Amino acid sequence: MEEKQNIKVILNWLKNPKNKAISNLIVIFAIGFLFLSLAKTIAPPRRPQDITGTDSISIAQTPAAVEQSYEERLEKQLAEILKKVHGVGDVSIMITLENDMMVEPAFNTINSQKTSEEKDSEGGVRTVTETQSNRQVVVLRKGGEDEPLVVKKSTPMIKGVLIVADGASSSRIIEQITRAAATVLDIPVYKIKVLAK
């Protein structure tokens with residue numbers, strides 16, 4: 001009985017015109033809380049592989065990690081293809097880069113120009129032109145994080161390649177390895193050194 005009376009007292013208090021603003025806020029808060037509760041129960045739970053998947057790793061990589069993975073990817077691909085050449089055998093490759101990966105972000109540039117004329121006491125006129133330029137990096141919001149909009153990415157230049165192979169005791173195999181690496185990496189032959197294991 002007391003519970004029914006307490007509910008009636010609360011409903012009467014909410015219906016009172018003096019408390020209209022407060023009662024509206026309470027109702028809005030209750031509806032919002034209800035929606036949040038339903039969203040958590042309806043939404044499917046995230047699987048552990050979604051959290052630690054390759055997408056989250058690629059977003060969190062630093063430029064140094066991207067450069068390292070670029071080197072490693074080139075080394076691995078070149079080693080795999082050279083192992084298939086007749087007489088080469090097991091291959092180890094080291095690639096050095098001249099510079100880092102260059103990333104050029106998009107800029108929002110705002111230029112403004114203001115011209116004014118000043119007259120001095122002797123009757124001379126001086127024209128003053130003031131130019132302002134404001135550059136800001138264009139930022140996109142992805143997954144709750146701000147990321148700059150990238151216009152262009154350029155891969156690092158290759159400084160040199162060292163290849164150590166089982167079959168590199170033959171000058172014919174050394175020439176094949178050197179020419180293959182030069183073709184694949186699009187670098188001159190003098191940047192490639194082949195040694196025997």
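1. A quick definition before anything else: buried means under 20% relative accessible area, exposed over 50%, and partly exposed in between (1.4 Å probe, protein chains only). This is a predicted model, where local features need pLDDT of at least 70, side-chain atom pairs count only at pLDDT 80 or more, and totals for chains, interfaces and linings use all residues. Residues are numbered from 1 along each chain as its sequence is written, and side-chain values use heavy atoms, with hydrogens and water left out.

2. Let's start with helix α6, residues 171-185. Helices (H or I, at least four residues) and strands (E, at least two) are DSSP runs, numbered from the N terminus. Ile173, Ile177, Thr178, Ala181, Ala182 and Leu185 are the buried residues here. Looking down the axis of α6, they fall within an arc of 160°, so they line one face of the helix; the arc is that of the directions from the helix axis to the C-beta atoms. On the face turned away from that buried side you'll find Arg179 and Thr183, which are exposed. As background, an α-helix has 3.6 residues a turn, so residues three or four places apart point the same way.

3. At its start, a side-chain oxygen of Ser170 comes to within 3.3 Å of the backbone nitrogen of Arg172. Just past the helix, Asp186 has a positive phi of about 55°.

4. Now the salt bridges (a side-chain nitrogen of Lys or Arg within 4 Å of a carboxyl oxygen of Asp or Glu). The structure has 5 of them. One joins Lys197 and Asp90, at 2.5 Å from N to O. That pair links distant parts of the chain, 107 residues apart: Lys197 sits in the segment after β9 (192-196), and Asp90 in the loop between α5 (63-83) and β1. Lys197 is partly exposed at 48% relative accessible area, and Asp90 is partly exposed at 36%.

5. Another salt bridge pairs Lys191 with Glu98, with the closest N and O atoms 3.5 Å apart. Lys191 is in the loop between α6 and β9 and Glu98 in the loop between β1 and β2, so the pair ties together parts that are 93 residues apart in sequence. Glu98 is partly exposed, at 45%.

6. Asp146 and Arg141 also meet in a salt bridge (3.4 Å, N to O), and both residues are exposed.

7. Last, Asp100, in the loop between β1 (91-97) and β2 (102-105). Asp100 is partly exposed, with a relative accessible area of 47%. Asp100 and Thr155 are 55 residues apart in sequence but 7.8 Å apart in space, C-alpha to C-alpha.

Methods:
Expected span 1.5 Å × (residues − 1). Polar contact = N/O pair within 3.5 Å; in protein donor to acceptor, adjacent residues only side chain to side chain.
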